[in-house]
Amino acid sequence: MILVGVSGGVAAYKSCELVRLLVKAGREVQVVMTPAAERFVGPTTFSALSRRPALTEQSADVFPHLEASREAMLFCIAPAGANTIARLAHGEAPNVLTQSALAFTGPLLVAPAMNPRMWAAPVTQENVRALLARGVETIGPESGEMAEGEQGAGRMSEPDEIAGRIEARLATLGSLAGRRVLVTAGGTREPLDAVRYLGNRSSGRMGVAVADEAARRGADVTLILAAATASPSAPMRTLRAETAEQLRAATLEQADGADVIVMAAAVADYRPAQPVAGKRVKDAAAWTIELEATADVLAELGAGRREGQVLIGFAAEYGEGAVERARAKLKRKGADLIVMNDISRSDIGFDSSLNEIVLVSSKGEQLVSRRSKQACAGAILDTLGNQTARAAVEQRTTV
Ligand SMILES: Cc1cc2nc3c(=O)[nH]c(=O)nc-3n(C[C@H](O)[C@H](O)[C@H](O)COP(=O)(O)O)c2cc1C
């Protein structure tokens with residue numbers, strides 16, 4: 001079943017067509033409306049089109065919206081007005097639509113629709129970025145003439161475009177059912193003493209996005225999480241690891257039971273050779289630290305992996321020659337795929353919710369142009385066999 005959320009805006013009339021298209025395609029649809037949406041289209045219209053009562057504040061039962069959000073495979077909010085987007089971004093849940101969205105753990109798609117100045121408002125853009133960072137997908141908005149006569153970006157995408165995106169997303173769900181996926185994410189911390197450490201700028205977002213996406217595609221996911229600001233939103237087994245050595249031990253222990261291993265963690269290449277016991281007391285003298293190399297977990301996994309196990313590594317490369325270095329890494333580590341990030345760019349990567357990656361495999365290279373980390377995660381997992389969502393990915397093969 002698909003949940004279609006309708007918030008208060010003129011574009012609510014287009015949602016009638018969206019519901020009709022989904023039902024015509026054989027989908028079970030449950031509509032959930034905000035009180036403001038009822039000022040634009042009556043629930044009876046949606047009930048008739050979806051052939052089941054639309055959920056509103058006046059629904060006869062008390063919790064049908066929460067039951068629906070547990071059963072639904074996908075939740076699409078169209079139109080998603082500025083107010084509903086703000087509520088989603090901040091976890092506010094004053095109505096049946098926002099309550100069911102808050103309780104929903106599957107893929108959430110939102111199709112924004114609002115006045116161009118409301119859309120361009122920094123706070124709206126900030127709210128949208130917060131949603132993207134949490135794995136919510138946006139559809140549109142398009143540019144054009146608005147009902148109020150203004151021109152600009154803010155028109156809701158057309159119903160057939162939204163229905164197409166819903167179908168493409170549904171096709172990915174269950175594509176990893178029965179596969180055991182092990183993901184590492186975040187940055188390791190190597191102690192200098194009991195208080196200080198050597199770390200890196202990894203937020204863990206990219207790896208967590210891969211783990212979330214794999215879980216949504218039906219995989220049995222184990223996440224090994226080093227220091228990270230991100231945390232998974234889909235239910236999964238999560239183990240913690242602080243240092244490179246702890247991450248190595250946990251990964252090797254879990255590796256045998258995994259069909260796919262995604263090494264997205266930023267594992268330290270070097271660690272202090274002799275961490276100070278206790279806290280080093282501050283004095284005027286310089287502190288010289290000798291670093292020693294850590295074990296190469298990806299290479300170890302590559303050397304020891306069993307038949308049929310898929311190994312995916314990440315390469316944070318800087319500037320020119322990045323793809324060539326990623327290709328060399330692919331061979332050196334015995335991996336099936338290297339996901340290459342260009343960390344010389346400030347508009348993607350470490351502290352951003354967006355990323356642009358190049359997938360390097362023995363088949364060639366595939367550029368996944370700038371998009372949310374969740375969408376990048378989808379492209380990475382598509383390489384495991386699902387062809388559906390590839391249409392959106394530019395491909396350039398060099399080998
Ligand atoms: C005629 C009219 C059209 C509106 N169209 C939109 C719209 O397209 N997008 C939007 O964000 N808000 C629009 N609003 C404002 C919302 O209806 C209002 O913010 C409401 O509180 C939204 O509540 P909801 O998010 O719970 O549905 C419109 C209001 C009126 C009176």
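Two strands are said to pair if DSSP finds at least two bridges between them, and strands here (E, at least two residues), like helices (H or I, at least four), are DSSP runs numbered from the N terminus.

Before going on, two words about the source. What you see is a predicted model, in which local features need pLDDT of at least 70 and side-chain atom pairs count only at pLDDT 80 or more, while totals for chains, interfaces and linings use all residues. Residues are numbered from 1 along each chain as its sequence is written.

Now the overall layout. The protein chain is divided into domain 1, 2–172, and domain 2, 180–392, with bounds that come from an automatic or database domain assignment. The centres of the two domains, taken over C-alpha atoms, are separated by 34 Å. Counting two residues as in contact if their C-beta atoms, placed from the backbone, lie within 7 Å, twelve residues of domain 1 touch 16 residues of domain 2. On the domain 1 side, helix 7 (122–133) and helix 8 (159–172) each supply at least two residues. By class, that side has five nonpolar, four polar and three charged residues, where Ala, Val, Leu, Ile, Met, Phe, Trp, Tyr, Cys and Pro count as nonpolar, Asp, Glu, Lys and Arg as charged, and the others, Gly among them, as polar.

Five strands are arranged in the order 2-1-3-4-5, with parallel pairing. Strand 2 (29–33) and strand 5 (137–138) stand at the edges and have a single partner strand each, so one side of each is left without a neighbour in the sheet. Strand 5 pairs with strand 4 in the parallel sense over two bridges, and the bridge partner of Val110 in strand 5 is Thr138.

Leaving aside neighbours within four places in sequence, Cys76 is in contact with Ile2, Val4, Leu109, Ile162 and Ile166. Of these, Val4 is 72 residues away from Cys76 in sequence, yet 5.0 Å away in space, C-alpha to C-alpha.

What surrounds the ligand? There are 16 residues around it, the closest being Gly8, Gly9, Thr34, Ala36 and Gly81, where a residue is near if its C-beta atom, placed from the backbone, lies within 6 Å. By class, this shell has eight nonpolar, eight polar and no charged residues. Its largest share, three residues, comes from helix 4, residues 82–90. In helix 4, Ala82, Thr84, Ile85, Arg87 and Leu88 are buried, and what covers them includes strand 3, helix 5, strand 4, helix 6 and helix 7. Gly91, with a positive phi near 75 degrees, follows helix 4.

Finally, the cores. A nonpolar core means a set of buried Ala, Val, Leu, Ile, Met, Phe, Trp, Tyr and Cys residues joined through C-beta atoms within 7 Å. The largest has 61 residues, and Val181, Val183, Val210 and Ala214 have the most contacts inside it; helix 9, residues 205–216, gives the largest share, seven residues. A second, separate core of 48 residues includes Met33, Ala68, Ala80 and Val128. Returning to Val210, and leaving aside neighbours within four places in sequence, its contacts are Val183, Val262, Ala264, Ala377, Ile380 and Leu381. Ala377, Ile380 and Leu381 are among the buried residues of helix 13. Ten of the ten residues of helix 13, residues 373–382, are buried, so this helix is largely enclosed by the rest of the structure.

Definitions and conventions: Buried ≥ 20, exposed ≤ 12 C-beta atoms within 10 Å, placed from the backbone.
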